[in-house]
Amino acid sequence: MPRLLYLLTLCNLTIGTGAFVINGILGAVSTSLDVSVAAAGQSMTVYALTTALLGPIALLFTGRWPRRRALVLAMALFGAGNLLSALAPTLPILLAGRALMGVGACFTPMGAGIVVAMVAPQQRGRALALVFLGMSLSYVIGMPIGAWLGLEYGWRMPVLGVAGAAALCCMALYRLVPRDMTAPGATLSGALGQLRRPAVLWTLALTLVYFVAIFNVFAYIGPVLLALNQMTNTQLSLALMCFGLAGVAGTLLGGWANDRFGAQTTLTLQLTLLALMMVLVPLTQGQPLLTLMVFVVWGVAGFGMMVPQQSRLALLAPQSAPLLMSLNTSMLYCGMALGAV
């Protein structure tokens with residue numbers, strides 16, 4: 001695989017950590033800013049909505065730019081949003097920083113578009129899996145470390161750390177991405193044309209409905225696990241870490257299966273497994289090991305779906321891949337919000 005893909009993976013690890021680390025330290029945020037935990041939790045809502053609504057617009061705005069400039073700008077916006085969040089004296093300023101981060105998160109579909117342009121179609125699944133692995137690793141590495149830093153040294157410390165990591169990513173991107181690199185951008189005419197295609201709309205709708213189903217449970221994964229089995233705080237943390245590791249494995253397996261068996265076959269198997277695990281979850285009450293096993297399979301099947309979905313969109317319209325992947329991300333975040341509701 002091209003070495004640039006590993007840099008994109010690290011950038012996505014930074015983005016995933018910055019997006020979700022605040023979830024584990026909301027209590028500290030609410031105390032510091034003198035607001036309720038529910039109010040502090042709107043920082044995730046603002047980030048999700050901004051990513052969903054403004055991410056595609058940012059891609060259109062930078063569609064004709066050289067890819068290096070677009071990538072550096074996106075990562076710089078994400079880092080600036082983290083810095084503003086870390087320094088925020090009030091909740092509105094924190095929310096403004098989170099909104100800026102959401103715009104910068106358009107980096108992820110930009111990077112996916114570069115992957116599509118760089119590798120042969122038969123390697124696309126594994127290449128996308130490698131790049132999106134950064135997101136999965138943020139659940140296993142970034143979030144736990146960030147939560148520990150936040151609880152030990154104050155919630156601003158991990159947010160500042162992500163801002164510093166974003167600055168390092170900007171420098172690495174400027175140095176390592178070729179100035180003349182070409183890859184598909186995004187245009188308004190191309191976007192409107194793709195959104196008239198039923199195959200594109202059905203693929204995006206599948207992502208939306210799928211994430212509604214996932215986050216109907218995952219938004220409350222801690223209370224669900226505790227309702228099924230009595231657990232200590234340590235046991236609950238280990239269970240969540242196992243779920244995150246299952247997501248890492250699922251991302252890699254999803255990329256391999258996409259290249260080996262094709263996107264449609266892979267998705268059919270993943271959705272079948274996911275539905276079966278959903279049926280089994282309530283039946284594992286009082287059996288913690290069985291509960292963990294079911295949720296591990298759930299994680300492998302659930303996290304593994306994103307690569308074949310992105311691959312399907314890239315096959316449908318390679319020249320519009322970044323925008324379609326951004327719209328797919330929009331469906332992901334809308335599904336998260338609707339599932340929680």
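A polar contact is a pair of N or O atoms within 3.5 Å. In this predicted model, such a contact is found at Thr9, whose side chain reaches the backbone oxygen of Leu5 at 2.9 Å. Thr9 is placed in helix H1, which spans residues 4–20. With a relative accessibility of 9%, Thr9 counts as buried, because buried means under 20% relative accessible area. When residues up to four places away in sequence are not counted, Thr9 touches Leu130, Val131, Leu133 and Gly134. Thr9 and Leu95, in turn, are 86 residues apart in sequence, and their C-alpha atoms are 26 Å apart in space.

A side chain reaching a backbone oxygen also occurs at Ser85, where a polar atom of the side chain lies 2.8 Å from the backbone oxygen of Gly81. Ser85 belongs to helix H5, formed by residues 67–87. The relative accessibility of Ser85 is 2%, and this residue therefore counts as buried. Neighbours within four places in sequence left aside, the residues in contact with Ser85 are Leu94, Gly97, Arg98, Met101, Trp155, Arg156 and Val159.

Ala74 is likewise found in helix H5. Its relative accessibility is 2%, so Ala74 is classed as buried. Beyond the residues up to four places away in sequence, Ala74 touches Gly104, Cys106, Phe107 and Met110. Between Ala74 and Met44, which are 30 residues apart along the chain, the C-alpha separation is 19 Å.

Thr50 lies in helix H4, which comprises residues 42–61. At 9% relative accessibility, Thr50 is counted as buried. Its contacts, apart from neighbours within four places in sequence, are with Gly55, Ala99, Gly102 and Val103.

Asp34 is located in a loop, between helix H2 (26–33) and helix H3 (37–40). The backbone of Asp34 has a phi near 60°, a positive value in a residue other than glycine.

The packing of helices was examined for two pairs that involve helix H13. Helix H12 (residues 221–228) and helix H13 (residues 233–261) pack at an angle of about 120°, and their axes are 11 Å apart. The crossing of the two helices H12 and H13 is right-handed. On the side of H12, the contact is made by Ile221, Gly222, Leu225 and Leu226, and on the side of H13 by Leu236, Ala239 and Leu240. Of the residues in this contact between H12 and H13, 6 are nonpolar, 1 is polar and none is charged.

The second pair consists of H13 and helix H16 (residues 306–316), whose axes come within 7 Å and cross at roughly 40°. H13 is thus also oblique to H16. Here Thr251, Gly254, Gly255 and Asn258 of H13 meet Val307, Pro308 and Ser311 of H16. The residues of the contact between H13 and H16 comprise 2 nonpolar and 5 polar residues, with no charged residue.

Note on methods
Residues numbered from 1 in each chain as written. Predicted model: local features only at pLDDT ≥ 70, side-chain atom pairs only at ≥ 80, totals over all residues. Heavy atoms only, no water. Axes fitted to C-alpha atoms, helices over the stretch in contact; angles between N-to-C directions. Helix = DSSP H or I, 4+ residues; strand = E, 2+ residues; numbered from the N terminus. Left-handed = near helix turned anticlockwise from the far one by under 90°. Contact = heavy atoms within 4.5 Å. Nonpolar A, V, L, I, M, F, W, Y, C, P; charged D, E, K, R; others polar. Buried < 20%, exposed > 50% of the residue type's maximum accessible area, 1.4 Å probe, protein only. Polar contact = N/O pair within 3.5 Å; in protein donor to acceptor, adjacent residues only side chain to side chain. Parallel < 35°, antiparallel > 145°, perpendicular 65-115°, else oblique.
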